[in-house]
Structures are given as structure tokens and as C-alpha cells.
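Good morning, colleagues. Please look at the structure as I bring it up.

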Amino acid sequence: MNITQIQDLIKFVSKSGVSEVEIEQKDFKITIKTHEPVKKGQEIHQIAMPTMQMPAMQMPVAAPAPAPAAPAAPAAPKEEPKSNLIEVKSPMIGTFYRSAGPDKPAFVEVGTTIKNGDTLCIIEAMKLFNEIEADVSGKIVKVLVNDSTPVEYDQPLFLVEPN
Amino acid sequence: MLFKNRAIINLDVTDSTNQYAAHLLRNAPPPDGTVITAQSQHQGRGQRGTAWESQPGENLLCSFIVYPNFLGAANQFYLSKVVALALQELCEDFIEREVLLKWPNDIIVANKKIGGVLIEAAWNDQRMQSAIIGIGLNLNQLQFESPRATSIRLMTNKIWDAQDCLIALINKFERYYFKLAAGQFTEISKLYRDHLYRLGQPMKFDYHGEIIDAMITGVDEDGKLRLHCGDGRSLSCGLKEVKMLY
């Protein structure tokens with residue numbers, strides 16, 4: 001199961017009104033729990049995936065990463081970003097690219113210092129290639145989306161520690 | 001004239017007019033509506049690295065630089081629509097037969113591609129701050145590797161002057177861009193739909209790897225292709241979700 005499928009699953013569970021879904025395959029297990037009562041559009045979940053491979057995962061968030069939750073662990077609110085971190089959000093629906101082309105370096109990496117106007121990524125929407133510029137200055141702490149994956153409007157793309 | 005101070009920059013050869021435009025934008029942003037044109041480009045591009053097939057001096061290659069900060073995410077696709085409409089109208093004037101728009105913005109005549117568009121935009125604060133509109137129009141080229149490509153010359157048996165064509169294109173583009181800046185979205189959408197290739201014709205599509213029978217019923221506000229399927233489903237498809245099989 002890839003990240004997109006997991007995201008779709010989370011959305012599905014969120015909309016379905018059920019409180020818990022557990023899927024187990026031979027080397028993979030995922031548990032999605034929602035809070036009761038589920039509010040429309042709410043997307044707060046605890047995901048337990050102890051044996052899940054996470055390719056292209058970036059460096060840990062500035063805050064300590066939560067320990068992998070055991071399947072029976074009680075649902076807890078998703079860890080909020082540290083209050084001083086700023087989320088850079090997608091201004092549109094499209095496909096997220098970290099570089100200008102398949103053989104080009106990424107615009108930013110974790111640790112890159114950025115300033116207002118620097119290009120952070122490209123979001124392609126219907127053959128329109130949109131370079132998304134920073135409107136903050138600071139340091140990239142986390143890249144929240146994998147290269148070449150779909151993004152929704154307002155979806156957080158990067159965590160930035162402002163100057 | 002909409003672009004009062006725009007420049008026209010003629011180059012013999014460049015890597016690509018879009019790259020030249022990007023370089024200008026980074027270093028000394030030129031006036032709104034500035035056009036860069038080249039006799040030949042050695043790194044002409046389609047979308048994300050696909051090569052654009054063009055022989056030196058035979059085609060119209062140009063990039064417009066505009067600052068459409070009146071566009072937000074919800075109406076960005078209108079920029080694609082007006083560029084495609086300007087090219088479509090230009091080709092129809094030259095060829096004197098029906099020229100259509102293959103979603104999202106290829107220019108099609110007699111089921112063959114005659115031109116294409118590559119737009120690269122920069123976003124800040126939820127607005128489109130600048131856009132580089134790269135246009136490739138097959139003008140006098142006679143040989144193509146692809147059987148699905150043609151040129152104005154092949155369609156008319158005449159040789160065309162690239163500079164004259166550029167001026168005609170600039171005039172068309174400026175007129176459509178002015179409609180966009182004036183917010184004439186309904187008219188733009190109607191014109192785009194009126195010229196949409198294969199509108200309302202049952203055909204096969206590859207939709208997420210599944211071959212389906214469907215027909216195009218239009219394009220959503222955000223540019224997605226609307227399909228009505230043989231099994232009754234209605235779909236709204238992004239570029240990577242669907243491929244026309246024709």
C-alpha cells in the first residue's frame with residue numbers, strides 16, 4: 001500500500017463514520033482510528049503501521065517522532081506541529097514535484113534556508129507548471145509530500161521554521 | 001494595444017525560449033507582454049522533459065512573458081484556454097479549415113497536431129505572479145517523425161514567413177488576454193468548448209489503466225476533462241488519470 005492509497009483510505013474512513021478500521025496483509029498492518037463522534041471533514045487520526053516501509057521519508061520532524069503505536073494503542077490526536085513552525089500549503093490541486101525536471105536537483109531539502117520568493121516546488125495542474133514560491137523566510141524542517149504525488153488544495157507541503 | 005511597453009526579442013538560437021524567458025524574469029523582469037522568439041532552439045521542450053520536434057528556422061517558436069496576478073488557483077486554467085484559442089484562431093485563418101483544441105491545449109487539424117503550448121507560472125501569495133507561455137507552431141516543416149504531426153505548409157502548400165506569423169499571433173493573443181484580464185470567463189469557456197476536439201463523440205479512453213467507452217462532455221472550471229461513460233458514470237479527470245485512445 002503506497003502513501004496515496006493510505007491517504008485515500010484515511011479520507012474514506014473519515015467520511016464513512018466508522019470509528020476504527022484495521023487492515024492486515026502479510027508484511028503490513030494499518031489501523032486507522034477516528035474520534036467519536038466523527039465530524040464531517042475531520043481528519044485527525046492515529047495511524048499505526050509498525051512494519052510499513054516508508055520510502056523517501058524525510059528527516060525526522062524537529063519534535064521527537066512518536067514511537068510506533070501498537071495496534072491496540074488508544075487513539076490520540078495527531079501530533080500538532082511545534083507552534084513556531086509554519087506550514088506552507090498548496091494553493092491548488094495538482095501533482096507535486098520537488099524539482100524542475102526528472103534529472104534536476106530538488107528546489108529545497110530539509111535544512112535548506114529559504115527566503116520570500118524562493119521556489120519551493122512545482123505543482124502541475126492540467127499542463128500548467130506552477131512554481132510555488134515561499135512567502136516566508138526560514139529553514140525547511142520537513143517535506144510533507146513525496147515527489148510526483150497528487151496534492152489537494154490547502155494540503156500542507158512543507159514545515160518551515162521561520163527566522 | 002494591451003501591452004504598451006512590451007519588447008520583442010529575436011534570437012537566432014537558444015536552449016529554449018522558455019528558459020531564456022525564465023532567465024530574464026530572474027534577473028531583470030521585462031515589461032508585461034514581452035515576447036521572445038528564436039529561429040531554433042536546441043532544448044525545446046514539451047511538458048517535463050519531453051522533446052519538441054523542430055527543424056531550425058522552419059517553425060514559429062516563441063514565449064510570452066505576462067504578469068496575470070488577477071488569476072488565482074480557481075481560474076488559472078483560463079490562461080491555457082486563451083492561449084489555445086489564440087493559436088487555434090491563427091491556424092484557422094491560415095489554413096481555412098476547421099482547427100480544434102485537444103484537451104488541455106494541443107492544436108489539432110485533420111486529426112494531427114500542428115502546435116502546442118507549455119506554460120510555466122510562478123505563484124506567491126495565492127496569485128499567479130508571472131507566467132511564461134511557450135508556443136511551438138509547426139510552420140514550414142515538411143518532415144516529421146511522428147505520423148500524428150503536421151504543419152501549416154503541409155496543410156496549405158505555401159511557405160509562411162515566421163515574423164509575419166509572430167505578429168499575427170501577438171495580435172490574437174493580446175485580444176484574448178484582454179478578454180481574460182477583463183474577466184470574460186463565460187465567453188472564453190464557450191469558445192473553448194465550441195472548438196474542443198472530439199466533443200460528444202463516443203470513443204475509448206484509458207482511465208487509470210482501465211479501457212472505457214465514453215465521450216467528452218466538456219471541461220470543468222478547474223480544467224478537468226468531463227466524460228460521460230457508456231455505463232452511465234460521469235467522470236471528471238485530471239491529466240494523468242485519462243488518455244484518449246484514438
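Let me begin with a question: does Glu124(A) count as buried or exposed? At 2% relative accessibility, Glu124(A) counts as buried, where buried means under 20% relative accessible area, exposed over 50% and partly exposed in between, with a 1.4 Å probe and protein chains only.

A word on conventions. This is a predicted model, in which local features need pLDDT of at least 70 and side-chain atom pairs count only at pLDDT 80 or more, while totals for chains, interfaces and linings use all residues. Residues are numbered from 1 along each chain as its sequence is written, chains are lettered from A and ligands numbered from 1 in the order in which they are written, and side-chain values use heavy atoms, with hydrogens and water left out.

A salt bridge here is a side-chain nitrogen of Lys or Arg within 4 Å of a carboxyl oxygen of Asp or Glu. Lys240(B) lies in the loop between β11 (234-237) and β12 (242-245) of chain B, and Glu124(A) in strand β7 of chain A, so the pair joins two chains. Helices (H or I, at least four residues) and strands (E, at least two) are DSSP runs, numbered from the N terminus. Lys240(B) counts as exposed, at 53% relative accessibility.

Two salt bridges are counted between chain A and chain B. Lys127(A) and Asp106(B) also form one, at 3.1 Å from N to O.

Turning to the interface as a whole, 24 residues of chain A are in contact with 28 residues of chain B, contact meaning heavy atoms within 4.5 Å. In chain A, Met126(A), Lys127(A) and Phe129(A) lose the most area to chain B, together 39% of what that side buries. The two chains bury about 2,200 Å² between them, 53% of it on carbon and sulfur atoms; buried area is the accessible area (1.4 Å probe) that two parts lose on being put together, summed over both.

The strands take part as well. Five bridges join β8(A) to strand β6 (residues 112-124) of chain B, and the two run parallel; strands pair if DSSP finds at least two bridges between them. Within this arrangement, Ile132(A) stands opposite Trp123(B) in β6(B).

Finally, within chain B, Glu89(B), Asp93(B), Lys172(B) and Arg175(B) are linked in a network of salt bridges.
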